Amino acid sequence: MKKIILISLLLLICFQPCFSRSKIKLGIDVLLDENYKPIENKNIALLSNFAGRSSDGILTAELLSKAKNFKLKMILSPEHGFFTTMPAGQSISDTIIDGIPIVSLYGKNREPNKDLLNNIDVIVVDIQDVGVRSYTYISTLFNTMKFAAENDIKVIVLDRPNPLNGIIVDGNVIEPEWFSFVGIIPISYIHGCTIGELALMINSENWLSKEKILKCDLEIIRMVGWKREMAWEDTGLDWYPTSPHIPTVNAARGMAVFGAFGELGITSLGIGTTTPFQIIGHKTFDFFYDNHISDTFEYCSFSTSPMIFRPFYGKYKDENINGLFCNFHFDVDCKPYQDGINFFLNLRNIYPDLFNEFLYRPEQIKMFKKVTGTDRIFKIVFNNSENNITESITNDLYKFIILRNNYLLY
């Protein structure tokens, strides 16, 4: 009898249905639960890519292409292309997959084309942001919403988690003279919002036009079960690469800390290794042989360990380089952006020769200022302009936090 019971239990374990590990429902899951009612009988364009998936890991593009109660007419893709494989800044051409046109919004056009979308009723957005202002998915969302507002097309945003969590807000707000495609709206560098909350903010604050009131018909399909304090690991979701150098959620965390400095190339940031944005290295570093130095680089949002690494491509290709490996631990009280700047200020104290601005090309310096949204931080790091460092790093942050509170959905 005991043997029969044991065999029965084993059979129950082996043949019970497989459920998603996710603890939350994403916007796409909620839309699916509603049998796509908000887009029933509509012609749809989908703004998404390889990372736009249900909590079960099924591509949103695949789900929408197989549904019968509406028509997916085209897919719009942001920087890095639909499969998220193209390097940053590389222009992407239109293509076709399974008979569905994929229209690039990072090629000859960075906003939808009116002629191509003349029969579209709704633009559905399912895009995984990384929580950092300079990541251009926000700019593509902005341009898509502006186009939709000007052409009377509804926008439905399927909400997704902020992988850095929804509480950390850090960094200066971009100054108007530095608006660009790597900073298109006046938010802090680490904004602490979901993509749906950003869309609400853009629409309600009338950021779509400086000349007139311009709003799109916007609907946010909220997640169920997501809490602002959740780290990505708490959601139970798998991470899918959002771009070649954000293959993991730790790479997104590293970008939040160090990403702006990648524009200057002061050090290697691990680009060309299997752990991009998680390594800091330079030919002149000797951390591996001097633990006392590496011990000085411990911050709230990350800790470091000396290492030697060898990039396959990029800065220091095929060279053994001394550096620091970063382990990230973003709790709700840490300030990753400030930690990153303080890291480089600390580095300057040890290796001042790296911080001669004449070592860097004017276009590198300009891009650094665009990404940071100000020229103040460059002056702090390179010109020893250290009066009120914290004030410069967090310029207008508290005003943004107050504004942001009006648009939090969770």
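Reader: What does contact mean here, and what counts as a helix or a strand?
Author: Contact means heavy atoms within 4.5 Å. Helices (H or I, at least four residues) and strands (E, at least two) are DSSP runs, numbered from the N terminus. This is a predicted model, in which local features need pLDDT of at least 70, side-chain atom pairs count only at pLDDT 80 or more, and totals for chains, interfaces and linings use all residues. Residues are numbered from 1 along each chain as its sequence is written, and side-chain values use heavy atoms, with hydrogens and water left out.

Reader: Which strands does helix α4 lie across, and how is its direction to β5 given?
Author: Helix α4 (residues 137-150) lies across β1 (43-48), β5 (122-126), β6 (154-158) and β9, and runs at about 165° to β5. Axes are lines fitted to C-alpha atoms, for helices over the stretch in contact, and angles run from 0 to 180 degrees between N-to-C directions. Helix α5 (residues 195-204) lies across β6 and β9, at about 160° to β9.

Reader: What makes β5 and β6 a pair?
Author: Two strands pair if DSSP finds at least two bridges between them. β5 and β6 are joined by 4 bridges and run parallel, so they meet that definition. I123 stands opposite V155 in β6. β1 and β5 also run parallel, with 5 bridges, and L46 has V124 as its bridge partner in β5.

Reader: Why are β3 and β9 said to stand at the edges?
Author: The open sheet has 7 strands in the order β3-β4-β2-β1-β5-β6-β9, with mixed pairing. β3 (95-97) and β9 (218-221) each have a single partner strand, so one side of each is left without a neighbour in the sheet.

Reader: What makes a set of residues a nonpolar core?
Author: The residues are buried Ala, Val, Leu, Ile, Met, Phe, Trp, Tyr and Cys, joined through side-chain atoms within 4.5 Å. The largest such core has 128 residues, of which I123, F258 and F343 touch the most other members. Its largest share, 8 residues, comes from α4. Apart from it lies another core, of 5 residues, among them M307, F309, Y316 and I321.

Technical notes: Buried < 20%, exposed > 50% of the residue type's maximum accessible area, 1.4 Å probe, protein only.
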